[in-house]
Amino acid sequence: MAILRKICLFLLPFLLTGCFTDFDPKIKTKPVLCLNSLITSGKPIEVNVTHTWIYTDEYSTKYHEVKDAEIKIYANGDRVDADYLPKEGDHIRIEAESPVYGRAEAEVDVPYAPTTEDIGYTFAVKNRKASVTPPWGLKGSIKFDIDATLDMQGSPEGNLYYRLGYDSFSYFDSVDSGYYESDDGRYEDTDSPTSQRFDDGYLRTPDPIFNESVSEFEEILGYFPSAAFFSDHSFVGGCRTIHFQFDECEYLTENWKPGTDLMDCGYFITLFSISKSYFDWAMYYWQNYDGILGDFSDMGFAEPIWGYSNVSTGAGVVAAQSSVTFRIDIKEFLNENFGKYMDEHYEIDSRDSR
């Protein structure tokens with residue numbers, strides 16, 4: 001079905017050739033203030049104030065910041081300074097006013113951080129390799145996948161929204177091999193440290209909960225959100241285990257020495273509780289840029305999708321988030337499934353070279 005979708009999208013521009021013409025729209029509309037802010041629990045509030053413009057206005061496309069706007073921030077009804085650190089449960093209201101573009105305001109509740117237990121994860125080795133190649137000595141690599149789970153508790157109202165994010169980490173960098181070519185053409189070892197690298201693969205979200213906003217028709221045609229957003233609508237008042245994976249992870253090393261201490265590496269997994277405004281904006285963004293409605297609109301088969309906004313002027317989004325972070329450690333897995341493997345090959349190579 002994904003192939004059919006690509007063929008249809010490829011052919012439609014040719015079928016519609018000759019249906020378009022350039023024109024200069026004479027749209028009588030007054031620019032208004034646009035507010036954008038992603039409020040994060042425990043961090044200062046930053047507000048981006050711009051103004052709207054007609055898409056044919058090339059100057060405003062580059063220069064649309066509103067520098068004369070007065071910004072006021074309220075937390076639970078009280079005005080606060082710019083260095084105020086919002087807390088979970090705070091009701092935040094942002095107001096902005098410009099002599100040129102008028103007034104705009106928006107409000108949002110800072111959600112409470114997710115209540116979930118520690119992360120669970122397992123490893124699956126895909127392949128391991130080892131070889132001796134001058135001047136890099138004993139080289140090796142291991143490819144593996146990681147299956148991870150988080151246990152979630154749904155709210156009685158079914159009004160919680162989430163986003164899954166991650167960052168990889170490692171405490172080593174690839175270094176020069178430390179080999180040089182001698183006068184007789186042989187490679188000599190300068191006793192360099194082992195060179196190592198961790199490639200973190202990619203996040204995959206096969207759990208149906210990440211596609212809960214996808215219709216059956218969209219699923220048939222292969223339309224799926226690329227970002228990991230979900231809600232508790234499907235497990236109101238109950239519990240659910242969320243599954244996700246990291247595929248095609250790889251650890252590589254050169255100039256292996258016995259007893260090499262594999263450095264720490266892995267992932268920081270961050271689960272965000274997000275406001276409904278954030279979730280609604282994410283769904284709009286997906287539909288407009290990657291969804292079927294956006295494609296149909298681009299081809300002239302549907303009306304344009306109106307941009308989502310919770311700002312009084314209809315321009316911009318004010319959202320909020322809180323988070324909890326977990327850690328996936330790979331060091332123990334590497335020592336057990338790769339370190340011993342490389343040590344054995346080092347001993348074999350040492351015997352063969354004598």
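Asn76 is partly exposed, at 46% relative accessibility. Partly exposed lies between buried (under 20% relative accessible area) and exposed (over 50%), computed with a 1.4 Å probe and protein chains only. Asn76 sits in the loop between strand 3 (70-75) and strand 4 (78-80). Its phi is positive, about 55°, although Asn76 is not a glycine.

Glu248 also has a positive phi in a residue other than glycine, near 60°. Glu248 belongs to strand 15 (residues 239-254). Its relative accessibility is 34%, so Glu248 counts as partly exposed.

## Basis of the model

This is a predicted model: local features need pLDDT of at least 70, side-chain atom pairs count only at pLDDT 80 or more, and totals for chains, interfaces and linings use all residues. Residues are numbered from 1 along each chain as its sequence is written, and side-chain values use heavy atoms, with hydrogens and water left out.

## Overall build

The protein has six helices and 17 strands. Both are DSSP runs numbered from the N terminus: helices are H or I with at least four residues, strands are E with at least two. Of the 354 residues in the protein, 39% are buried.

Contacts are heavy atoms within 4.5 Å. Among those between residues at least 6 apart in sequence, 73% join residues at least 24 apart. The accessible surface comes to about 20500 Å², and 51% of that belongs to carbon and sulfur atoms. Areas come from the Shrake-Rupley method with a 1.4 Å probe; for residues, only the protein chains shown count as cover.

## Salt bridges

The structure holds 14 salt bridges. Each is a side-chain nitrogen of Lys or Arg within 4 Å of a carboxyl oxygen of Asp or Glu. Lys87 and Asp90 form one of them, at 3.8 Å from N to O. Lys87 is partly exposed, with a relative accessible area of 45%. Asp90 is buried, at 4%. Arg103 pairs with Glu95, the closest N and O atoms being 3.4 Å apart. Here Arg103 is partly exposed at 42%, and Glu95 is buried at 9%.

Lys340 is partly exposed at 45%. Glu336 is partly exposed too, at 47%. Elsewhere, salt bridges that share partners join Arg93, Glu95, Glu97, Arg103 and Glu105 into one network.

## The largest pocket

Rolling a probe the size of a water molecule over the atoms shows where empty space is left. On a 1 Å grid over the protein atoms alone, a pocket is an open set of points where a 1.4 Å probe fits, with protein on both sides within 12 Å along at least five of seven lines; lining residues have an atom within 4 Å of a point. Grid points are joined across faces, edges and corners, and a volume is the space filled by probe spheres set on the points.

The largest pocket has a volume of about 1100 Å³. It is lined by 32 residues; the closest to its centre are Thr52, Gly307, Gly314, Ala315 and Gly316. Strand 1 (33-40), strand 2 (48-51) and helix 4 (276-289) each give two or more residues to this lining. Helix 4 gives the most, with five residues. By class, the lining has 18 nonpolar residues, 13 polar and one charged. Nonpolar covers Ala, Val, Leu, Ile, Met, Phe, Trp, Tyr, Cys and Pro; charged covers Asp, Glu, Lys and Arg; the others, Gly among them, are polar.

## The second largest pocket

The second largest pocket has a volume of about 320 Å³. Of its 19 lining residues, Pro111, Tyr112, Asn159, Leu160 and Ile274 are the closest to its centre. Strand 6 (102-109), strand 9 (161-170) and strand 16 (265-274) each supply at least two residues of the lining. Strand 6 has the largest share, three residues. The lining has 10 nonpolar, six polar and three charged residues.

## Asp200

Asp200 lies in the loop between strand 12 (195-199) and strand 13 (202-204). At 23% relative accessibility, Asp200 is partly exposed. Which residues does Asp200 touch, not counting residues up to four places away in sequence? They are Ser168, Cys249 and Tyr267. Asp200 and Ser168 are 32 residues apart in sequence but 6.5 Å apart in space, C-alpha to C-alpha.
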